[in-house]
Amino acid sequence: MSATAKKRAPMPDDIRAAKGGTPLVSLTAYTTPMAQMMDEHCDFVLVGDSLGMVLHGLPSTLGVTMEMMIMHGQAVARGLTSAMMVIDMPFGSYEESHEQAFRNAARLMSETGAGAVKLEGGVAMADTIAFLVTRGIPVMAHIGLTPQSINTLGGYKVQGRGAARDAAMADAVAVAEAGAFAVVLEKVPQTLADEMTARIPIPTIGIGASAGCDGQILVVDDMLGLFTAFKAKFVKRYAHLGDDGEAAIAAYAADVRARAFPAKEHIFADEAPN
Ligand code: KIV
């Protein structure tokens, strides 16, 4: 699935069929311009509930609402033509019952145009995944470190180490058997991610997992250096837009205070053509 060969946005089945092939490329996006920037380069774009932390300054993803996801999902959809859009189900929107999960997943898809939803959880969520998939909702699963559960996991730690390895593998197998078309593996040891990738028939999408996964995803604000409150060890910064942006704002402020802006070479409002 190279960027140049793409003619239409992939469907969940195309993503599933990419298992074992050229690694799938994915990033999160929350706005139209960012979505436009990545559309040609990504196979799928995730409207992640990480938007609560990186855009809205929340301390975790727990405070993200359906309304926030829908508003950002609509913005991202306006920027995509070649990449599939996947949207996160926020905390509290799917755990209570199958009916609640269906109602909210259907709302996210119908109000944003997303091609699939993502939800967190392995064995515990497998029957919810099966319920949604058999009713027309493609589901991407998310196991390992599941940020909506930080209060029970005890923080943003690596998952699936030592005695927890078998349970993590059981999660991967359960979501694949339930009908998820792909699964995000967040912060699991490399050897475990490689074993999961070899064992299950759907693409594994790594984030802090292994280069051997079937694809990779990063939070775009992390890789562009826009979100600087903290940086996970696995994040590679490909740009430093936060620092560059702050320097630019400081330069503008200095120009304004020195009455050096607008500069002579810029057109003043009363000289501009109508
Ligand atoms: O919300 C998010 O951005 C995510 C990715 C980190 C996978 O779930």
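How exposed is Phe-261, in terms of relative accessible area? Phe-261 comes out as partly exposed, at 41%. Here, buried means under 20% relative accessible area, exposed means over 50%, and partly exposed is in between (1.4 Å probe, protein chains only).

A quick word on what you're looking at. This is a predicted model, where local features need pLDDT of at least 70 and side-chain atom pairs count only at pLDDT 80 or more, while totals for chains, interfaces and linings use all residues. Residues are numbered from 1 along each chain as its sequence is written, and side-chain values use heavy atoms, with hydrogens and water left out.

**Around the ligand**

Let's turn to the ligand. Its surroundings are made up of Thr-28, Leu-46, Gly-48, Asp-49, Ser-50, Asp-88, Lys-118, His-142, Ile-207 and Val-219 (near means a heavy atom within 4 Å). Sort that shell by type and you get three nonpolar, four polar and three charged residues; Asp, Glu, Lys and Arg count as charged, and Gly is among the polar ones.

Asp-49, Asp-88 and Lys-118 each have a side-chain atom by a ligand oxygen, as the table shows. A polar contact is a pair of N or O atoms within 3.5 Å.

| Side chain | Distance to a ligand oxygen atom |
|---|---|
| Asp-49 | 2.9 Å |
| Asp-88 | 3.1 Å |
| Lys-118 | 2.8 Å |

On its own the ligand has 250 Å² of accessible area, and the protein covers 95% of that (Shrake-Rupley method, 1.4 Å probe).

**Aromatic pairs**

Now back to the rings. Searching the whole structure turns up two aromatic pairs. Rings of Phe, Tyr and Trp (its six-membered ring) pair if their centres lie within 6.5 Å; planes under 30 degrees apart are stacked, over 60 edge-to-face, and the rest tilted.

Phe-227 counts as buried because its relative accessibility is 12%, whereas Phe-230 is partly exposed at 45%.

Tyr-252 and Phe-261 form an edge-to-face pair too, at 5.5 Å centre to centre with 80° between the planes. Tyr-252 is partly exposed, with a relative accessible area of 47%, and Phe-261, from the opening question, is partly exposed as well.

Key:
A polar contact is a pair of N or O atoms within 3.5 Å; within protein, one must be able to donate a hydrogen and the other to accept it, and residues adjacent in sequence count only if both atoms are side-chain atoms.
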